[in-house]
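Thanks for coming. I will walk through one model today, starting with a sheet and ending in the helical part. Please have it open on your screens.

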Amino acid sequence: MHDIKNLKWFCLFLFTLFVSVSKGNASDAKNSQKENIDRFIQHHLEDDYYFSLFKDEENSLTYGFPLPVILIDEGINIFSSSRFIHTDGPVQIEDKFYRIDHNKIYRTDENGDKLVEANKFVKPIDLSITKNVVGLILTAGLMFFMFIALARSYRKNKLPQGFGRVLEPLIIYVRDEMAKPNIGSRYQEFLPYLLSVFFLIWILNLIGLTPLGFNVTGNITVTLCLALFTLIITNMKASRSYWKHIFWMPGVPIPFRIALMPIEVIGIFTKAFSLMIRLFANNVAGHTVIMGLIAIIYLLNNQLTLGGSIAVSLLLTSFLFIIKLLAAFLQAYIFTMLSSLFIGLAVQEDEHH
């Protein structure tokens, strides 16, 4: 009976891409185990003020290092996130109190109750260096290092060395297969952005598969910013023909022009929205499934023995890990390809109207 219940729970997880949370008796060991796994996966998907490497659940110890918290709240307050870890109550900074709730920092009273003003919880402006910010800084540093080295080799009229041999065909691929066909003669104007966003997404996806536990492209605020860049560049560089097709579609009767206008305006934003959601959802789903497959070790430990559960988990996780390596490139390709397509449609002049 227990075997059937565990198998049903795991199959439901694979289809829904969420870990089911048990609603049974809290004293049930199996339910508690599933809740711990669900909490661990949720923690992995979210951003964090503390760079956690691994946890010792038995001794309630977290191994990692704190990150700086930067709050603007009637002045600038900078302190270590370890202060939130080492206290059960709110953190006092001068005459103010703060605590973290659902991964957001709120101002509280001395008892830890959130303050309310104008029917809203009081939150400071948060400019903290979180785990996702560390991932972005690390990726930006790697990109600067790799591309500066590649540029120096070109200045010396030498062939690329080291990892530059991997970068060069990818650069040529973005230029010849995305920028040129979709944008046309103005492709060089937008090539720096397309290369930047392609390698940023690709490298972020790759480091997200390392034991460091980054999930930067699985954070919707990051994908929102990337989509906004494409939206802004597309519309700032758009031609008169593009705006004419948006607000007064040529070649159709006037009543249809009026009807099509709001649809075309909405389409400007749905393109960016699709870029944001596609990248975000794919990464969240991939990370969730991988973490769930690793959880087999704990869920089916009694049924398959420790060695059997580890073998099954490694087999399934390794297969999915290979797919994620391919998806890391594919997601960068799709985002860059669609961005170049949207830009190309906006900058081209229609010679027929």
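Which residue of β10 does Ile72 stand opposite? Ile72 stands opposite Ile125.

Before going on, some ground rules. This is a predicted model, in which local features need pLDDT of at least 70 and side-chain atom pairs count only at pLDDT 80 or more, while totals for chains, interfaces and linings use all residues. Residues are numbered from 1 along each chain as its sequence is written, and side-chain values use heavy atoms, with hydrogens and water left out. Helices (H or I, at least four residues) and strands (E, at least two) are DSSP runs, numbered from the N terminus.

Back to the sheet. Strand β3, residues 68-72, and β10 pair in the antiparallel sense over two bridges; two strands count as paired if DSSP finds at least two bridges between them. The open sheet has three strands in the order β4-β3-β10, with antiparallel pairing. β4 (76-80) and β10 (125-126) are at the edges with a single partner strand each, so one side of each has no neighbour in the sheet.

Next, the hairpin of β6 and β7. Strand β6, residues 96-101, pairs with β7 in the antiparallel sense over five bridges, and Phe97 stands opposite Thr108 in β7. Two residues lie between the strands, and His102 takes a positive phi near 55°. Buried here means under 20% relative accessible area, exposed over 50%, and partly exposed in between, with a 1.4 Å probe and protein chains only. Four of the five residues of β7 (residues 104-108) are buried, so β7 is largely enclosed by the rest of the structure.

Now the helices. α4 has 25 residues, which at 1.5 Å a residue should span 36 Å, and its end C-alpha atoms are 36 Å apart, in agreement. The expected span is 1.5 Å times one less than the number of residues. Among the buried residues of α4 are Gly135, Met143, Met146 and Leu150. Just after α4, Asn157 takes a positive phi of about 55°.

α6, residues 187-207, bends by about 25° at Tyr193, the bend being the angle between axes fitted to the seven residues ending there and the seven starting there. Its 21 residues should span 30 Å, and the end C-alpha atoms are 29 Å apart, which agrees. α6 is mostly covered, with 16 of its 21 residues buried.

That leads to the cores. A nonpolar core is a set of buried Ala, Val, Leu, Ile, Met, Phe, Trp, Tyr and Cys residues joined through side-chain atoms within 4.5 Å. The largest has 50 residues, and Phe199 and Phe335 have the most contacts inside it. Helices supplying at least two residues each include α5 (164-183), α7 (220-236) and α11 (301-347). α6 gives the most, with 15 residues. Apart from this core lies another, of nine residues, including Val69, Leu71, Phe84 and Ile93.

What does Phe335 touch, not counting residues up to four places away in sequence? Its partners include Tyr193, Val197, Ala227 and Leu279, with contact meaning heavy atoms within 4.5 Å.

Last, Met276, in helix α9, residues 254-294. Met276 counts as buried because its relative accessibility is 10%. Leaving aside neighbours within four places in sequence, Met276 is in contact with Ile220, Thr223, Leu224 and Ala227. The C-alpha atoms of Met276 and Ala227 are separated by 5.5 Å, although the two are 49 residues apart along the chain.
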